[in-house]
Amino acid sequence: MLKTIEPMKENDTHTTAELPEDRFERIGTTYYKLVRQPNAAGQLVERSIPWTIEAIRQDYGKDFLANIPKYDGFCCVPAHIDYQPVIGNFKNKYSPLTHLPEEGVWPHIEALVRHIFGDQYELGLDYLQILYTMPLQKLPILLLVSEERNTGKSTFLNFLKLVFEANLTFNTNENFRSQFNDDWNGKLIIVVDEVLLNKREDSERLKNLSTTYNYKMEAKGRDREEVSFFAKFVLCSNNEYLPVVIDPGETRYWVRKIPQLASDDTCFLEKIRDEIPAFLHAMSNRQLSTTEESRMWFDPKLIDTEALQKIIRANRNRVEVELAELLTDIMDSRKIDAVDFCLNDILNLFDYQRVKADRSALRKVVQDCWKLRPAQNSLCYTTYQMGVFLNEPAYVESKKVGRFYTVTRQMLENL
């Protein structure tokens, strides 16, 4: 796990003379060595590696053990502005940011944020500001979609990684479905690039995680443990229609369609890295343009986009789409604004149009998806069946008696 070690003070009990350059700590009953591990970019990342007590005795002598700092265990309290490495007698697993905010300009970051959020630029800044200043606040699932290449989606993910460092983790679709999820523990942002979670169980799990405050983590060889969960999800996909299952009325997704970049700057990430201190200073002092209006901060109406509605429409089942198109066609041809029908009326019309659907599937759409209820008693109503008018197929009125449903044009437009 990643750690940041506080520098020693002159009045510390353990002086440089008493401690070698190698540093250790004991968490509970396990010893850890604090190391600086180089990565592929040539940077040194501080990590805690489990170390045996016998190895410490052999290298430094048994008296050295008494000088190693000891903590009762781990905790995870996210903070970026007032970070505390130790809370009570517990070591904070959340990784502090290495950036020191300072006043300055951030034109390249601004250009990136404007490109990603477009006309919702201020909302995008609010999203990033809340991530930085209020890490425990729930936020919508941010989904960036585009069928085009070279749109800057991955650049935005890398920007988030540069800002939040070890507190962001990249996952794959397989990682998300895995029962072993301990690597998520204590992360602020979980990113899935090229997301394709188009199964119902994937969608339900994602929605549950986005709003839950506690979750069971599991690692290989260890019992499941309930922990606080505050991670936010950022997803990217080249599929604009079915990257995830989103039902009508869903308010937990913020979907943005990302346009193609006008030009490609190969040094863009380096320029962004240099601007992060100025950006964080601006986020610390900026006035939010929104107030908390839902459990995920934003009013759902503010983050309702055409890209979201496109996914919702694509996720509707085939029978529902066929029924909506049939009823709309009847209203248009007969110049009416409402249609009464029983299920058998629709099934007869489906047979004529060679649409395969059974009674149970149709009832599920009408009652479960559209929340319609039939008339309480059998009454006379006007419905429509296929006939011939002027030698052309046409919808012909038919008087029947039954417990009918009513669908209006306004309702179909809302759907």
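Me: Which residues in α4 meet residues in α7?

Reply: Contact means heavy atoms within 4.5 Å; helices (H or I, at least four residues) and strands (E, at least two) are DSSP runs, numbered from the N terminus. Here T155, N158, F159, L162 and V163 of α4 meet F268, L269, I272, R273, I276, F279 and L280 of α7. By class, this contact of α4 with α7 comprises nine nonpolar, two polar and one charged residue, where Ala, Val, Leu, Ile, Met, Phe, Trp, Tyr, Cys and Pro count as nonpolar, Asp, Glu, Lys and Arg as charged, and the others, Gly among them, as polar. This is a predicted model, in which local features need pLDDT of at least 70, side-chain atom pairs count only at pLDDT 80 or more, and totals for chains, interfaces and linings use all residues. Residues are numbered from 1 along each chain as its sequence is written, and side-chain values use heavy atoms, with hydrogens and water left out.

Me: At what angle do the axes of α4 and α7 cross?

Reply: Axes are lines fitted to C-alpha atoms, for helices over the stretch in contact, and angles run from 0 to 180 degrees between N-to-C directions. The axis of α4 and that of α7 (residues 268–285) come within 10 Å and cross at roughly 50 degrees. That angle makes α4 oblique to α7; angles under 35 degrees count as roughly parallel, over 145 as roughly antiparallel, 65 to 115 as roughly perpendicular and the rest as oblique.

Me: Is the crossing of α4 and α7 left-handed or right-handed?

Reply: A crossing is left-handed if the near helix is turned anticlockwise from the far one by less than a right angle, and right-handed if clockwise. α4 passes α7 in a right-handed crossing.

Me: How do α2 and α4 pack?

Reply: The axes of α4 and of α2 (residues 107–117) lie 10 Å apart, at an angle of about 130 degrees. The two helices α2 and α4 are therefore oblique to each other, and their crossing is left-handed. I109, L112, I116 and F117 of α2 meet T155, F156 and F159 of α4. The residues of that contact comprise six nonpolar, one polar and no charged.

Me: What is the case for α10 and α11?

Reply: The axes of α10 (residues 343–353) and α11 (residues 359–369) come within 10 Å, crossing at roughly 120 degrees. This pair, α10 and α11, is therefore oblique as well, and α10 passes α11 in a right-handed crossing. On the α10 side the contact is made by L343, N344, I346, L347 and F350, and on the α11 side by R359, L362, R363 and V366. Of the residues in this contact of α10 with α11, six are nonpolar, one is polar and two are charged.

Me: How many residues of α3 are buried?

Reply: Buried means under 20% relative accessible area, exposed over 50%, and partly exposed in between (1.4 Å probe, protein chains only). α3 is mostly covered, with eleven of its 13 residues buried; among them are Y121, Y127 and Y132. Helix α3 (residues 121–133) reaches 18 Å from its first C-alpha to its last, close to the 18 Å expected at 1.5 Å a residue, the expected span being 1.5 Å times one less than the number of residues.

Me: What do the buried residues of α6 pack against?

Reply: In α6 the buried residues are D202, S203, R205, L206, K207, L209, S210 and T211. They pack against β8 (141–145), α5 (173–177), β11 (214–217), β13 (232–237) and β14 (253–257).

Me: Is L142 buried or exposed?

Reply: L142 lies in strand β8 and counts as buried, because its relative accessibility is 0%. Leaving aside neighbours within four places in sequence, L142 is in contact with F117, Y127, F156, F233, V234, L235, W254 and R256.

Me: Where does N150 lie, and what is the place of K335?

Reply: N150 lies in the loop between β8 and α4 (153–164), and K335 in the loop between α9 (318–334) and β15 (338–341). Phi of N150 is near 55 degrees, a positive value in a residue other than glycine; K335 likewise has a positive phi of about 55 degrees although it is not a glycine. N150 is partly exposed at a relative accessible area of 39%, whereas K335 is exposed at 74%.
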